[in-house]
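Colleague: I would like to learn how to read a model of this kind. Please take me through it one feature at a time.

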Amino acid sequence: QQIDARYAARREAEERELSYINAVAKQVHTYFSQVKDCTNVLATVLKQDNPMYDIRLLIDEVQASGIQLPLENVLVVEIPRWQMRIFVDCDWATRFTLYHCTTEYVEFLRTVPSVFVGTEAHLVQAVRKQVDEMKLSMHACNMTLPPWRQADPILASYWSQLSTAVPLHVVTQSGGALFELQTGGSSSPISPC
């Protein structure tokens with residue numbers, strides 16, 4: 001029973017945190033349509049509202065193999081109290097855009113949120129769903145899905161960049177809140193707008 005109670009409490013906390021971050025992301029995206037601005041403002045708001053959040057920015061590192069997809073504008077929110085990791089991808093909808101696709105795929109993309117908010121398990125599930133829809137569309141157009149558009153390489157892009165993600169720390173200045181990237185001992189402030 002005690003294990004069940006802990007599991008229920010963690011599940012409730014996960015749902016609460018996901019709901020909160022998703023609501024903030026939607027609101028920020030409403031005012032900041034540029035993806036980079038949305039990412040910066042969202043990171044600032046989340047960190048100011050919840051100083052306990054450990055927020056990191058995934059940094060794009062292009063692999064020599066050339067098949068790893070570049071990721072930008074992805075936040076990783078770690079919540080130490082619940083040992084929880086939440087991904088916030090502010091460029092989610094455009095990651096799965098195809099130049100040659102079916103009208104069904106275009107309709108599907110309209111249902112995809114602009115910003116993804118979810119745990120690692122949610123991310124895996126969402127990427128696999130997106131890739132399955134891409135495959136159907138490309139197959140209908142007599143094309144095959146390139147290797148770098150498969151689910152495993154896309155997910156590998158997220159996982160491999162976790163080790164190089166840069167911590168964000170909110171700094172309050174007279175002109176408003178900024179956050180700074182902490183890289184090796186030096187830091188540089190980044191304006192949210």
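The dialogue below goes from confidence and layout to strands, rings and charges.

Colleague: What should I know about the origin of the model and its numbering?

Modeller: This is a predicted model, in which local features need pLDDT of at least 70, side-chain atom pairs count only at pLDDT 80 or more, and totals for chains, interfaces and linings use all residues. Residues are numbered from 1 along each chain as its sequence is written, and side-chain values use heavy atoms, with hydrogens and water left out.

Colleague: What is the average pLDDT of the chain, and which element has the lowest mean?

Modeller: pLDDT is the predictor's confidence in each residue, from 0 to 100. The chain average is 83, and 81% of the residues score at least 70. Strand β7 (residues 186–190) has the lowest mean among the elements, 40, while β4 has the highest, 97. Over residues 177–193 pLDDT stays under 50, and the model has 53 contacts beyond four places in sequence for that stretch. Residues 63–68 also stay under 50, with eight such contacts. A contact means heavy atoms within 4.5 Å.

Colleague: How many helices and strands are there?

Modeller: Both are DSSP runs numbered from the N terminus: helices are H or I with at least four residues, strands are E with at least two. The chain has six helices and seven strands, in the order α-α-β-β-β-α-α-β-α-α-β-β-β along the sequence.

Colleague: How much of the chain is buried?

Modeller: Buried means under 20% relative accessible area, exposed over 50%, and partly exposed in between, with a 1.4 Å probe and protein chains only. Of the 193 residues, 42% count as buried.

Colleague: Which strands pair with β3, and in what sense?

Modeller: Two strands pair if DSSP finds at least two bridges between them. Strand β2 (residues 74–79) runs antiparallel to β3 and is joined to it by six bridges. Strand β4 (residues 116–119) pairs with β3 over four bridges, also in the antiparallel sense. In the hairpin of β2 and β3, four residues lie between the strands, and Gln83 takes a positive phi near 50°.

Colleague: Is β3 (residues 84–89) mostly covered or mostly open?

Modeller: Strand β3 is mostly covered, with five of its six residues buried. Take Val88, which is in β3. Val88 counts as buried because its relative accessibility is 0%. Leu75 stands opposite Val88, and Val117 is the bridge partner of Val88 in β4. Beyond four places in sequence, the contacts of Val88 include Ile21, Leu42 and Phe116.

Colleague: How many aromatic pairs are there, and how is their geometry read?

Modeller: Rings of Phe, Tyr and Trp (its six-membered ring) pair if their centres lie within 6.5 Å; planes under 30 degrees apart count as stacked, over 60 as edge-to-face and the rest as tilted. The whole structure has five such pairs. Trp92 and Phe96 are edge-to-face, because their ring centres are 4.9 Å apart and their planes are at 65°. Tyr105 and Phe108 have centres 5.9 Å apart and planes at 35°, so that pair is tilted. Both Tyr105 and Phe108 lie in helix α4 (residues 103–111), three residues apart, about one turn of the helix. Phe87, Tyr158 and Trp159 form one aromatic cluster.

Colleague: How many salt bridges does a search find?

Modeller: Side chains of opposite charge can pair when their charged atoms come close. A salt bridge here is a side-chain nitrogen of Lys or Arg within 4 Å of a carboxyl oxygen of Asp or Glu. The search finds ten. One of them joins Glu78 and Arg85, with the closest N and O atoms 2.7 Å apart. Glu78 is buried at 16% relative accessible area, and Arg85 is partly exposed at 26%. Salt bridges that share partners also join Arg10, Arg11, Glu14 and Glu15 into one network.

Colleague: What is the nearest side chain of opposite charge to Glu17?

Modeller: For charge, Lys and Arg count as positive and Asp and Glu as negative; His and the chain ends are not counted. Glu17 lies in helix α1 (residues 2–31). Glu17 is buried and has no salt bridge; the nearest side chain of opposite charge is Arg16, 4.7 Å away. Arg16 itself forms a salt bridge with Glu12, at 3.7 Å between the closest N and O atoms.
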